[in-house]
Amino acid sequence: MAHETNPRPTKNERRAQARAEAAAAREQEKKREKRNRLFLQGGIAVGVIAVLAIVALVLTQSIKPAGPGPENMASGGAVFGKDLKVVTGPALPAGEERVAPEQNFDELPVEVTVYADYMCPYCGQFEQQYGTMLENYVGAGDVEMTIYPLNFLDNASLGSKYSTRAANLFACVVDQQPDYAFKLNNALLSAEVQPAESTTGLTDEQLIEQAEAAGAEADTELRQCVKDRTFGSFISANYKQVSEVGIQGLAKGAQLLGADGVTLQDADEPQRLVSTPTVIVNGQQWSQSRDGDLESYLLKVKSELEQQNASAEAPADSE
């Protein structure tokens, strides 16, 4: 029986095969290095794009104008009328100037404007002394009241920015569930709720509980508004407006008291806020030390308006 044998490769054949295998290995290594370079370049490009996107976002956030604001607060404040209802209106578009509310100082109801910070102890004292009285007068329709929330005491809450957070809650409720905003304002300034300066104040959850106590529903929209501090920049712009540009609610030519609480500000300069609470009654600043009890002052203004209007309506004497 014949046997088949495989002839052994010659020396030259083995050398050629080795060269071919080495060339194939070098080609594979070149391909691998090329892939790695492409992956590295792609990774660097993605990283650069990501960094540029982050930088663009930061720049956009830093230069974007304040706003948009909450609905019903285009002036920076919320206006309350009969039955404690918010006077409805559109939101302030981002970057636009605040629109002063329409006020007629020659007709009833009496116009009252209050500037307050929810951590200001004097604002709390004002609320505790006059809050119920004002609630009754506004509810009856004798007074129309505008409340401007501010945040100048943020640095007095150990980094928690309580003034901004409390004012933001008020704005969220005015925006979403305005029927409960007046009672919420009262609660935030009550002796039982208002925190002392140099404390962190209420947590976000505790603030939401105050909104619930005032009658609001702690739904997802309200919680998100509180969590995100949706109107925080709007509240900060409120303070910038009154401290740098001037306050709203004053009659033409009216002046505010200066920093000493006695001397009037320069009539030729914008009337800027220097303390809270600042209370304006029918275009003129009310000062307890100068004008006495607020209710008595309101009744006096109301009586003068009634007499003025009665005289205007009385028929002229015939000759």
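Helices (H or I, at least four residues) and strands (E, at least two) are DSSP runs, numbered from the N terminus.

## The model

This is a predicted model: local features need pLDDT of at least 70, side-chain atom pairs count only at pLDDT 80 or more, and totals for chains, interfaces and linings use all residues. Residues are numbered from 1 along each chain as its sequence is written, and side-chain values use heavy atoms, with hydrogens and water left out.

## The sheet

Five strands form an open sheet with mixed pairing. Their order is β1-β3-β2-β4-β5. Two strands pair if DSSP finds at least two bridges between them. β1 (78–80) and β5 stand at the edges with a single partner strand each, so one side of each has no neighbour in the sheet. From one strand to the next, the twist averages 25°.

β4 and β5 pair in the antiparallel sense, over three bridges. V281 has Q284, in β5, as its bridge partner.

## Helices on the sheet

Helix α2 packs on the sheet and touches β1, β2 (110–117), β3 (143–150), β4 and β5. Contact means heavy atoms within 4.5 Å. The direction of α2 makes about 150° with that of β3. Axes are lines fitted to C-alpha atoms, for helices over the stretch in contact, and angles run from 0 to 180 degrees between N-to-C directions.

Helix α7 (residues 232–245) lies across β2 and β3. Its angle to β3 is about 105°.

## The largest pocket

A pocket is an open set of points on a 1 Å grid over the protein atoms alone, where a 1.4 Å probe fits, with protein on both sides within 12 Å along at least five of seven lines. Lining residues have an atom within 4 Å of a point. Grid points are joined across faces, edges and corners, and a volume is the space filled by probe spheres set on the points. The largest pocket holds about 520 Å³ of space. Of its 24 lining residues, S275, T276, P277, S287 and Q288 are the closest to the centre.

α2 (121–140), β4 (278–281), β5 (284–286) and α8 (288–291) each supply at least two lining residues. The largest share, five residues, comes from α2. The lining has eleven nonpolar residues, twelve polar and one charged. Ala, Val, Leu, Ile, Met, Phe, Trp, Tyr, Cys and Pro count as nonpolar, Asp, Glu, Lys and Arg as charged, and the others, Gly among them, as polar.

## The disulfide

The whole structure has one disulfide, a pair of cysteine sulfur atoms within 2.5 Å. C172 and C225 form it, with their sulfur atoms 2.0 Å apart. C172 lies in helix α3 (residues 162–176) and C225 in helix α6 (residues 220–228), so the pair ties together parts 53 residues apart in sequence.
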